[in-house]
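I open the notebook on a new model. I want to look at a ligand shell and at an annotated site.

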Amino acid sequence: MIVVIDFGSQYNQLIARRVREQKVYCQIEPPDIEIKQLQDLNPEGIILSGGPASIYEKNSPKVSEAIFDLGIPVLGICYGMQFMVHALGGNVSKAHKREYGFARLRIQNPDPLMEGIEESARCWMSHGDAITELPEGFVTTAVTENTAMAAVADYKRQFYGLQFHPEVEHTPGGKQMLKNFLFSVCGCTAGWTMKSFAKNAVAEIRNAVGDKQVILGLSGGVDSSVAAMLIHQAIGRQLTCIFVDNGLLRQDEGARLKKLFGQHLKMNIDYVNAGKQFTDALKGVTDPEKKRKIIGKVFMDVFEAEARKIKDAEFLAQGTLYPDIIESQSAFGGPTSIIKSHHNVGGLPKKMKLKLIEPLKFLFKDEVRKLGKTLGLPEELVWRQPFPGPGLAIRIIGEVTRKRLSVLRKVDAILLEEIRAAGYYKKVWQSFAVLLPIKSVGVMGDKRTYENIVALRAVTSVDAMTADWAKLPHKLLGTISNRIINEVNGVNRVVYDISSKPPSTIEWE
Ligand SMILES: Nc1ncnc2c1ncn2[C@@H]1O[C@H](COP(=O)(O)OP(=O)(O)OP(=O)(O)O)[C@@H](O)[C@H]1O
Ligand SMILES: O=c1[nH]c(=O)c2[nH+]cn([C@@H]3O[C@H](COP(=O)(O)O)[C@@H](O)[C@H]3O)c2[nH]1
Ligand SMILES: NC(=O)CC[C@H](N)C(=O)O
Ligand SMILES: [Mg+2]
């Protein structure tokens, strides 16, 4: 395995991804990791990430310099390289010329890291500091026009430094360089697959749980579904999945879930029909944040009451993913401002004295999907579009009533059916409908109508942080609109949302 030391680079997750793509396991650790802890991980190589700080500044982040005495190869990237050079007796200072964007690399020394890289490859730079003096034992292996020491190495000790970022797409040879580091320098073997991950995870879960009971909140989303599959494989009926039907789900969603997990996969499913509690609590509420808070609270109450019924439950399982962990552990991440309150079951373990099991906490989303596939989760669930916890309540602008829920459900079902049929379900990040609190005049069969308006929303995105409205074909939009107005009573107008995020958000509330 490889350890990445996180100096706060916006790319550190990308480094981990690149390593894992080569089927080598990789974990990100904060700079204050104890040297003993690091040794216990038994890494074959260490990568020091970039970061916003300058090494000559007083409080710049540092990892124990003892890492250089472990006999383990080290690759420093940008700030990581500057840290290494500084720690080993070289010098780093403010550069005469800052370098952002593309630069041409000129390789000067035959170098294991540069094996197979073009003579004058492009690389991606983002720095204002530069090495002015190398530590003993180091040589320069590549230069760019503005940077005299763009790549450096100490072959004897197996230390490598790159001023540019090999992990980004804009460095075309970067993948090869990382590969060279992993396999030629560190001697890693490519054996980390989802199958091997599942095998280990199953053994670990069995070991941790023993003969106790585990509960898990199953939402039908990818994360909790894959977590459930994995844990079920490990401990079978010792796992109880609690599914809260909050009455805010899409058409047939609850029934489908019950059938798949209960009947087909033979899991212990505790299906809680709590729709009335949610709609009662939402009566008269129109403020988006209030809706979210109420739904979060009712969810917690329902879930807790249900969980208490399960005898000998000692563990709560959650589908926490690696990005959540990295964000909460990073000393540099800092709290971001709350745009919308998301709900989860995070508060429960403390309240109920349950121990947490988070078997996916070292995986990225696409790895979770792969794992789901390996475990036999049906395609439709593996590739399910994200669906917000507060469900249709935040897609009904204004008051949420049973009647409005029923209208939106029908509209939404038509939209999804057509999106799927046209082959767009996987191409877009999300596609859904929003019911507006205004009416408009129309004419149907020579009669005046005064009915609801729905807005269609489809966006493309890679991580939901930014998104663009999807350029769906007009013909498809036309078909959807026609079907909705013809088939759903109470709707006489359909509009398409053409806002990107930012400045809009994906959901309307
Ligand atoms: N209706 C529900 N019934 C039971 N548990 C739920 C429900 N909705 C959410 N949860 C639990 O709360 C967790 C957080 O929910 P949220 O939807 O915010 O997370 P998520 O990242 O989308 O995860 P998932 O893909 O599992 O839905 C879920 O993973 C699940 O364990
Ligand atoms: O699990 C969730 N619980 C929530 O409360 C929630 N609110 C928004 N979303 C989803 O998050 C992504 C970004 O949404 P926004 O651009 O609307 O903030 C989009 O994918 C949204 O669907 C939620 N998911
Ligand atoms: N991207 C980085 O790691 C930047 C490192 C350092 N702050 C510099 O400007 O050189
Ligand atoms: Mg979810």
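**Entry 1: ligand 3**

I looked up what surrounds ligand 3. The shell consists of Ser9, Gly50, Gly51, Pro52, Ala53, Ser54, Cys78, Tyr79, Ser126, His127, Gly128 and Asp129. I keep in mind that this is a predicted model.

Which strand gives the most to this shell? I found strand E7, residues 122–133, which supplies four residues.

Next I sorted the shell around ligand 3 by class. I noted seven polar residues, four nonpolar and one charged.

**Entry 2: the UniProt site**

I then turned to the record. An unreviewed UniProt entry puts the feature "binding site" at Ser219, Gly220, Gly221, Val222, Asp223, Ser224 and Ser225.

**Entry 3: Val222**

I placed Val222 in helix H6, which covers residues 222–235. Is Val222 buried or exposed? I log Val222 as buried, because 23 C-beta neighbours fall inside 10 Å and the cut-off is 20 or more.

I listed its contacts, leaving out neighbours within four places in sequence. Val222 touches Val368, Arg369, Gly372, Leu381, Val382 and Arg384 by that criterion.

**Entry 4: Asp223**

Asp223 is in helix H6 too. I count Asp223 as buried, because it has 20 C-beta neighbours inside 10 Å and burial needs 20 or more.

Which residues does Asp223 contact, beyond those within four places in sequence? I wrote down Gly319, Leu321, Leu360 and Val368. Val368 is also on the list for Val222, so I note that Val368 is in contact with both Val222 and Asp223 under the 7 Å C-beta limit.

Notes. Residues are numbered from 1 along each chain as its sequence is written. Chains are lettered from A and ligands numbered from 1 in the order in which they are written. This is a predicted model: local features need pLDDT of at least 70, side-chain atom pairs count only at pLDDT 80 or more; totals for chains, interfaces and linings use all residues. A residue is near a molecule or strand if its C-beta atom, placed from the backbone, lies within 6 Å of it. Helices (H or I, at least four residues) and strands (E, at least two) are DSSP runs, numbered from the N terminus. Ala, Val, Leu, Ile, Met, Phe, Trp, Tyr, Cys and Pro count as nonpolar, Asp, Glu, Lys and Arg as charged, and the others, Gly among them, as polar. UniProt positions are given in the numbering used here, feature names are shortened, and annotations may be inferred rather than shown by experiment. A residue is buried if 20 or more other C-beta atoms lie within 10 Å of its own, exposed if 12 or fewer, and partly exposed in between; C-beta atoms are placed from the backbone. Two residues are in contact if their C-beta atoms, placed from the backbone, lie within 7 Å.
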